[in-house]
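I am keeping these notes as I go through the structure one item at a time. Each entry records what I looked up and what I found.

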Amino acid sequence: SLQCFLRVTLAKAAKRHQHRLRRDAALVLIELYKAQDRAASMAVANVAAREDAAEARRKFEAARLETLAEKVALKRKLANANLPRDIEADLAKTKAALAKALADRDDAR
């Protein structure tokens with residue numbers, strides 16, 4: 001009868017609508033999972049970038065401290081060096097060696 005036909009038609013339409021809703025929900029879930037994966041990937045990349053930046057900062061700071069230590073050591077060395085006295089000692093040694101060479105030459109004659 002007509003009522004039976006209407007009930008069957010409405011039931012089929014309701015099933016199609018329900019199927020469409022389930023399919024749409026599944027697509028939404030898939031997009032949600034993809035978004036979660038992208039967010040997790042970005043979080044991992046951000047952590048890696050922060051670690052790389054921290055390592056670069058550590059290396060830079062170590063190099064800076066090493067340079068400062070070298071400067072301090074050089075300043076101490078220069079402060080402790082008696083340059084004029086060292087030059088005079090070298091000059092005296094050179095004069096003595098020259099005098100000895102001249103004396104040996106005169107003796108050889």
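**Entry 1: a nonpolar patch**

I began with the surface, where Leu2, Phe5 and Leu6 form a nonpolar patch with about 340 Å² of accessible area together. I note at once that this is a predicted model, and I read every value below as computed from it. Leu6 has its place in helix α1, which covers residues 2-80. Is Leu6 buried, partly exposed or exposed? Its relative accessible area is 46%, and because exposed requires over 50% and buried means under 20%, I wrote down Leu6 as partly exposed.

**Entry 2: the whole chain**

Next I stepped back to the overall fold, and I found that the secondary structure comes to 2 helices and 0 strands. I then looked up the radius of gyration, which is 45 Å for the protein, whereas a compact globule of 109 residues would have one near 13 Å. The C-alpha trace spans about 150 × 35 × 10 Å along the principal axes, and I put this beside the radius of gyration of 45 Å in my notes.

How much of the protein is buried? Buried residues make up 1% of the 109 residues. For the accessible surface I noted a total of about 10200 Å², of which 63% belongs to carbon and sulfur atoms.

**Entry 3: distances along the chain**

Asp37, which lies in helix α1, is 26 residues from Ala11 in sequence, and their C-alpha atoms are 39 Å apart in space. Asp37 counts as exposed, because its relative accessibility of 53% is over the 50% that the term requires.

How far is the C-alpha atom of Ala108 from that of Arg7? The two are 101 residues apart along the chain, and their C-alpha atoms are separated by 139 Å. Ala108 also counts as exposed, at 68% relative accessibility.

**Entry 4: charges and salt bridges**

I turned to the charged residues and recorded 24 positive and 15 negative charges, whose mean positions are 19 Å apart. Side chains of opposite charge can pair when their charged atoms come close. A search of the whole structure finds 5 salt bridges, and I looked at some of them in detail.

Arg23 and Asp24 meet through their side chains in a salt bridge, with 3.6 Å from N to O; this qualifies because the cut-off is within 4 Å. Arg23 is partly exposed at 44% relative accessibility, and Asp24 is partly exposed as well, with a relative accessible area of 34%.

A further salt bridge joins the side chains of Glu31 and Lys34, at 3.8 Å from N to O. Where do these two residues lie? Both Glu31 and Lys34 are in helix α1, 3 residues apart, which is about one turn of the helix. I noted Glu31 as partly exposed, with a relative accessible area of 44%, and Lys34 as partly exposed, with 42%.

Towards the end of my list I found Arg105 and Asp106, whose side chains meet in a salt bridge of 3.7 Å, N to O. Arg105 is partly exposed with a relative accessible area of 43%, and Asp106 is partly exposed with 45%.

Terms used
Residues numbered from 1 in each chain as written. Predicted model: local features only at pLDDT ≥ 70, side-chain atom pairs only at ≥ 80, totals over all residues. Heavy atoms only, no water. Patch = residues over 30% accessible without salt bridge, like charges linked within 9 Å, V, L, I, M, F, W, Y side chains within 5 Å. Areas by Shrake-Rupley, 256 points an atom, 1.4 Å probe, with all protein chains shown as cover. Helix = DSSP H or I, 4+ residues; strand = E, 2+ residues; numbered from the N terminus. Buried < 20%, exposed > 50% of the residue type's maximum accessible area, 1.4 Å probe, protein only. Rg over C-alpha atoms; globule rule 2.2 N^0.38 Å. Lys, Arg positive; Asp, Glu negative; His and termini not counted. Charge placed at Lys NZ, Arg CZ, Asp CG, Glu CD.
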